[in-house]
Amino acid sequence: MGPLTQSIRELSANERQWQVLNRQGHCVVHAPPGSGKTKLLVTCLAYDLFNRIPEPHGAACITYTTAAAEELRRRLASLGVSARPSLFVGTVHSFAINRIIGPFAALLGKPELVKASIASDEQQEEAYRLAVGSRFGSSCNWKEKRKQIEFHRRRLSTVEEWNRGGEGLLEACSSYESLLRGDGLIDFEGAVAAAVDLVEQHEVVRRVLSARYRRLYVDEYQDLAPGLDRLVRALCLRPDSDVELLAVGDPGQAIFSWNGARPELISELSSLPGVSTVHLEHNYRCGEEIIRASTRVERVGRKVTAVRGGGEVLAVFCPAGFTEQCHQAAAAVGLAHRRGVPLHEIAVICSMNAQCREVAEVLRGAGLAVAVPGVEYPRAPVTLFVESCAAWAMLGREQSGHRLGAIHRRWRRLLGPTWTRDTDVRLTELLVGYRDKPVTYARRMLADLLGMGLRRAMARPAQSDNANALDRMQHAVELGALADATVVDLASRAMRRDRVNVTTMSSSKGLEFEVVLLLGADEGLMPYWSSANDPAKLEEDRRKFYVSVTRARSTVKIFYSRSVATSAGRAKPAEPSRFLYEIGLLHR
Amino acid sequence: MRIECIRVTNFRNLADLCVAIQPGTVIVGENRAGKSNLLYALRLVLDPTLSPSDRHLGREDFWDGLSDGSDDWDPMDAREVIEISVDLADFEDDNTVLSTLSDALVQSDPLRARLTYRFAPLDTGVAGPGAKVKYRWTIFGGEDEGNQIDADLRGYLYFAFLGALRDVDADLSTWRRSPLRVLLTAAAKAIGDDDLSRVRSAMREANAQLNDLAEIKRVGTSISDRMMEILGANQALETELAVAAEDPLRLIRTMKLFVDGAARRHLSTTSLGTLNVLYLALLELGLEERLAEQDIAHVVMTIEEPEAHLHPHMQRLAFRRLLADHRTNRSILVTTHSPHIASVASPRSLVVLRDAGGRTEAAAASDAALTDAEWDDIARYLDATRAELVFARRVLLVEGYAEQALLPSMAAAVGMDLDKLGITVCVVHGTHFTSYARFCEALGIRWAVITDGDGDAGPARAGRLLAALSLNGDPGEHGIFVGTSTFEYDLLYAHPSNVKPCFGTLWELSADRARATMETWVSQWPEIGTYLTTIDKAGGKGRFAQRLASQQIWPPDYVHSALRYLAG
């Protein structure tokens, strides 16, 4: 049996998933944690490409991150789908830039959009500082204004909405955008807005796109900003357009509205005529007790059926404060490990990076190996690439768990058109050489890779989110927290096996573990103090809590102290998190 | 890097074949044994000049043995799969090859990679009868079919295929195909500007001088005038005669190879065989250039039956050099019918393909467990005997020339014809049969040994041979046959009618003094010692056997048994 047939057979055992595979017309899938949505999406896409979308037509599949896109591509290849020019798998930014602006902007009289390069973090910062300063004066907190402006730009706010947001914001925004334009630059928000404009204003764009991409697949719909929603509506839902939509998401896991996302979009989409909605009900991941507890927090009242039995959710009171929570967590890790749970199946989740660092210290002090991904720099394909290069070179080559083949494949993707066979050989030579060198600093290795073509490749617009991640990494290894790190240190960050994962609540999204230890469950941290009086923010913090708890297969332990540390480091009395009451662990 | 083995499933007559490959492998086999199919299988994996549609095979490319026998049977309805994989090893220290194969690793210590061509039905998720079957070929690395390897990357392992009976002349005269191109292009790049301008002015001068000749001028003018007449002044083409363009770089591209020194005869005047060697030489030079430029990482050269039109001495000269050259960035595979080419190959690298009822089986000499000294023995033996052993179906291993000379007549006496039975007699010149037997065993050649009895020594020798081959039981069951005393003496006792020709021949060859002794033999046959001394004095066993072979001679029982064993 082929892999696709196998995958379809597995879907057929779940009535709702089977319904999605055999859907007619637009379909929105509500997928609670552990419901197998990625597999469903990939299987549907592969099946449709083989049976419903004859070449040269294709499809577009839009994901939230480049890492998710890579994972999707890998899974598509394993189902036998080979690349075709009319198959797109990537982020909304990449779709806007490479598949809309690239082919159409010059055609429709906007050649400057095609030529524009993506502004780096520094360039954006500089432009915001100038734009905000000229409108609000130099004494104004420009970072705060920048957040507000970015929020509205992501939301594609109307003039009224801008005005409600505050006087002068829209003006500052226009002057920011014209500053970028003057330097031949554009940023992501600008690119998406321009793409939305092209699609909405021009029938020819809609016609060509819908001929090319017969079906549109969108993952994590709840985390998408309105820009993509507008594109979806223009391509799929206008009377004159006929692209078929499959959107997958979960309003219950929306945690990015602070960033401009609008979780209610997925529900709005569901309610449109001609759109069918499927609610997946099975959670294949979490033990029954975890599902029961987490459902109480969620308040949506949806039905989720457990597939696995068992599971436990416990609260641990640590009166001496957060440091005690860290030590108790270390003890809990030790206990689970002694019971046979591998360290990489245990996650310690905190609400903020600073706490992640603190707990990581304590765990290390207790002799445990720890992985803290994403603290010094974001986990993007390019930073993961650099780490795996280090791992392959220093930690046993093919036995390191990192395959040279995969490293080369990622290298080729990163370099894109700037790749030559020669660069492959130079990369191999570099990596093979490190083992025999004396201790080498991580910054040296990064410099070698940058010099070998990585820097040039990162200048391409399609790589800009990678480029920003790499800038942060470079800063960390040159001047920041990793200035003394060696290549071996860098390598060890790539080793996920037999290490406890320490991560923030937001970054835990999409992951799963046997045991989850959630720290800092006191009011002020969870929910965050500033959310307490903002119903929307409170909802989002609640959803973060829900997401964190549902990462676990069998055990969740939640730690609290009835106090939080002030910025001065003193303990301030606090109530236990209201979520502990909601989940049923504490009672008033 | 080297190709370690090739595995083929369901492709033409290669039903399920696994061939171990050595550096400089020479593949022999009768017609239709599957030699060309094996090379084509390798091309499906590696050859960048095959187009995507060449790689899309048809129903006739599936092995016939898959059929259920019905008339309308179609392997593609039955969803059969053709798979060809090539295992590569020894590239640990070559970063260029390592980069190329990084996606294909199947083992890490030592490193080993696999490239697989697979022609299989696509899993579209729709199954069951009536579903349309769509086939697709993929080339993937390692064990994961999702891990497809681009043509771009595969091209780094350069694959050169030299088919049998190519039109070398045409290949050399087409710039795009010519192996001369790489060499001239590289040379042109290196030439300095001064030199180029010198050539340009010399050429301009030559053109001018020729055009200055009145006769040439007349031809030029008449062409221009005629064009003017046809097309009119506005549209006429401007023509001008010249020996060649003056641009030196263009000039270099038009350079050709000539033969016969100053006569500068065109290549087509020379023999096809020599042209093939020339082509090979140019190809080698061109590939060395590209390897040096790191334009390619490794060269796999496959040469199909290169012996055509080539004198045996030249075959041996050209291929002894080519096959002995074990540089690590080149793999060579030759198929041949020529014993001359087989005889200069390293015996370890010989592979025999055979047809076994519609499917090809392979036997590789490298499977034989021999010491280096024994391999050297075999190599010298094959070289001296023109590899006759390798082309044999059945081999009778004998100690000396006498047995070899007499075997045809002994076989004829019992109604057997060695040629028709495909039996080759191989002289070992001694009693060291073990390595030869192992070699035959590895190549799948049926073998038998006849050896002298020499009292207890013969049976003991047979016992040692059995033990060395890890065999048990009666030596005769395994093809080892032992005489009573010495071959010549056993002949005497083999059959009453052997006595007369033996004694008669010896009488003819002997001097008077010996003849005097022989007269006593009428009443009393000689002792073995006396008999052998007499043969020695008469010019030796060889001369005796050569002379005796013209007469009817009956084989001793052990020789007869050996012949029956081989024929059976």
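Is A:Glu387 buried or exposed? A:Glu387 is buried, with a relative accessible area of 6%. Keep in mind that this is a predicted model.

**A:Glu387 and its helix pair (chain A)**

- The side chain of A:Glu387 meets that of A:Arg493 in a salt bridge, at 4.0 Å from N to O.
- This pair links distant parts of the chain: A:Glu387 sits in helix α18 (residues 381-394) of chain A and A:Arg493 in helix α23 (residues 487-494) of chain A, 106 residues apart.
- Those two helices also pack against each other, with the axes of α18(A) and α23(A) 7 Å apart and at an angle of about 110°.
- Angles of 65 to 115 degrees count as roughly perpendicular, so that is the label for α18(A) and α23(A).
- As for handedness, α18(A) passes α23(A) in a left-handed crossing.
- On the α18(A) side, the contact is made by A:Val386, A:Glu387, A:Ser388, A:Ala390, A:Ala391 and A:Met394.
- On the α23(A) side, the contact residues are A:Val487, A:Val488, A:Leu490, A:Ala491, A:Arg493 and A:Ala494.
- In other words, the salt-bridge partners A:Glu387 and A:Arg493 both turn up among the residues that make this helix contact.

**A:Arg410 and A:Glu70 (chain A)**

- Another salt bridge in chain A joins the side chains of A:Arg410 and A:Glu70, at 2.7 Å from N to O.
- A:Arg410 lies in helix α19 (residues 404-415) of chain A and A:Glu70 in helix α4 (residues 66-78) of chain A, so the pair ties together parts that are 340 residues apart in sequence.
- A:Arg410 has 21% relative accessibility and counts as partly exposed, while A:Glu70 comes out as buried at 18%.
- The cut-off for buried is under 20%, which is why A:Glu70 at 18% gets that label.

**What packs on α4 (chain A)**

- Helix α3 (residues 37-51) of chain A packs with α4(A) at an angle of about 55°, and their axes are 10 Å apart.
- That angle makes α3(A) oblique to α4(A).
- The crossing here is right-handed, with α3(A) passing α4(A).
- α3(A) brings A:Thr38, A:Lys39, A:Leu41, A:Val42, A:Leu45 and A:Ala46 to the contact, and α4(A) brings A:Leu72, A:Arg75 and A:Leu76.

**Domains of chain A**

- Chain A is divided into domain 1 (3-103 + 193-280), domain 2 (119-183), domain 3 (288-369 + 498-583) and domain 4 (381-495).
- The centres of domain 1 and domain 4 of chain A are 32 Å apart, taken over C-alpha atoms.
- Six residues of domain 1 of chain A are in contact with six residues of domain 4 of chain A.

**Chain B: a charged network and the domains**

- B:Arg112 forms a salt bridge with B:Glu4, and their closest N and O atoms are 2.9 Å apart.
- B:Arg112 is in strand β6 (residues 111-121) of chain B and B:Glu4 in strand β1 (residues 2-11) of chain B, 108 residues apart.
- At 22% relative accessibility, B:Arg112 counts as partly exposed.
- Salt bridges with shared partners join B:Arg2, B:Glu4, B:Arg7, B:Asp87, B:Asp90, B:Arg112, B:Arg114 and B:Glu143 into one network.
- Chain B is assigned domain 1 (2-164 + 274-367), domain 2 (179-256) and domain 3 (392-567).
- The centres of domain 2 and domain 3 of chain B are 76 Å apart, taken over C-alpha atoms.

**Overall count**

- Over all chains, the count comes to 76 salt bridges.

Key: Residues numbered from 1 in each chain as written. Chains lettered and ligands numbered in written order. Predicted model: local features only at pLDDT ≥ 70, side-chain atom pairs only at ≥ 80, totals over all residues. Heavy atoms only, no water. Domains from an automatic or database assignment. Helix = DSSP H or I, 4+ residues; strand = E, 2+ residues; numbered from the N terminus. Buried < 20%, exposed > 50% of the residue type's maximum accessible area, 1.4 Å probe, protein only. Axes fitted to C-alpha atoms, helices over the stretch in contact; angles between N-to-C directions. Parallel < 35°, antiparallel > 145°, perpendicular 65-115°, else oblique. Left-handed = near helix turned anticlockwise from the far one by under 90°. Contact = heavy atoms within 4.5 Å.
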